[in-house]
Amino acid sequence: MISLSIIDIKNFMAHLLSKDTFDRFYLVEASIKKEISYHIDGHLNMDFFDTGEGDKPDRSYCLWKDTRPLVYAILKGKRLPLGCKIVLGLPKATVAFLIKESQGSFREEDIDGIYLNILYDPTSLTLTTGISYRTFSLDKSLEQNVDDHIKKYLKSRGIC
């Protein structure tokens, strides 16, 4: 797990809210504290979708690209929010790729998810990575691979 302090907050927030940088990620949850507090649970309500074949999504969470306009609408205004926490999950295909690439002892069914946590307050913005394991292991190869992958991804997008 890594923790990265983002110096150029404005640039990062532009990537998060106005560009497609994180659009393929899942929104796990978002909490925003302004004049009131907002909480968005990114779990999809499967009962909302028709039972027709192919209508139900094959994922548990909504995509960031589908929720980004709502989060942007909440955040915009004359005053900065008092705080914000957004948890993004890596897509299943990316998780599978990272597991395979790490050449460790993990299988896809051993991992619940790989997450990017975005923590904002008016003076700082911090990114942390995290992995939710279904089993215990001393093998840290996946964590190292995830951290390297996230750093390269952010650097390739001009974020850090």
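Author: Two residues are in contact here when heavy atoms lie within 4.5 Å of each other. Helices (H or I, at least four residues) and strands (E, at least two) are DSSP runs, numbered from the N terminus. The model is a predicted one, in which local features need pLDDT of at least 70 and side-chain atom pairs count only at pLDDT 80 or more, while totals for chains, interfaces and linings use all residues. Residues are numbered from 1 along each chain as its sequence is written, and side-chain values use heavy atoms, with hydrogens and water left out.

After α3 comes Q103, with a positive phi near 55°.

In α4, the buried set consists of L142, E143, N145, V146, D147, I150, Y153 and L154. Its packing partners are β1, α3, β6 and β7. The end C-alpha atoms of α4 are 22 Å apart, which agrees with the 22 Å that its 16 residues should span at 1.5 Å a residue; the expected span is 1.5 Å times one less than the number of residues. Just after α4, G158 has a positive phi of about 75°.

How do the two helices meet? Two packed helices are described by the angle between their axes and the distance between the axes. The axes are lines fitted to C-alpha atoms, for helices over the stretch in contact, with angles from 0 to 180 degrees between N-to-C directions. Those of α3 and α4 come within 9 Å and cross at roughly 120°. The two helices are therefore oblique to each other, given that angles under 35 degrees count as roughly parallel, over 145 as roughly antiparallel, 65 to 115 as roughly perpendicular and the rest as oblique. Their crossing is right-handed, meaning that the near helix is turned clockwise from the far one by less than a right angle. On the α3 side, T94, L98, I99, E101 and S102 take part, and they meet S141, L142, N145, V146 and H149 of α4.

The strands come next. Strand β6, residues 111-121, has eight of its eleven residues buried, so it is largely enclosed by the rest of the structure. Strand β7 (residues 124-133) is likewise largely enclosed, because seven of its ten residues are buried. Two strands pair if DSSP finds at least two bridges between them. Ten bridges join β6 and β7, which run antiparallel, and the two form a hairpin with two residues between them.

β6 also pairs in the antiparallel sense with strand β5 (residues 83-89), over six bridges. N117 of β6 faces V87 and also stands opposite T128 in β7. Strand β1 (residues 3-5) pairs with β7, again antiparallel, over three bridges. L127 of β7 is the bridge partner of L4 and also of I118.

Note on methods. Buried < 20%, exposed > 50% of the residue type's maximum accessible area, 1.4 Å probe, protein only.
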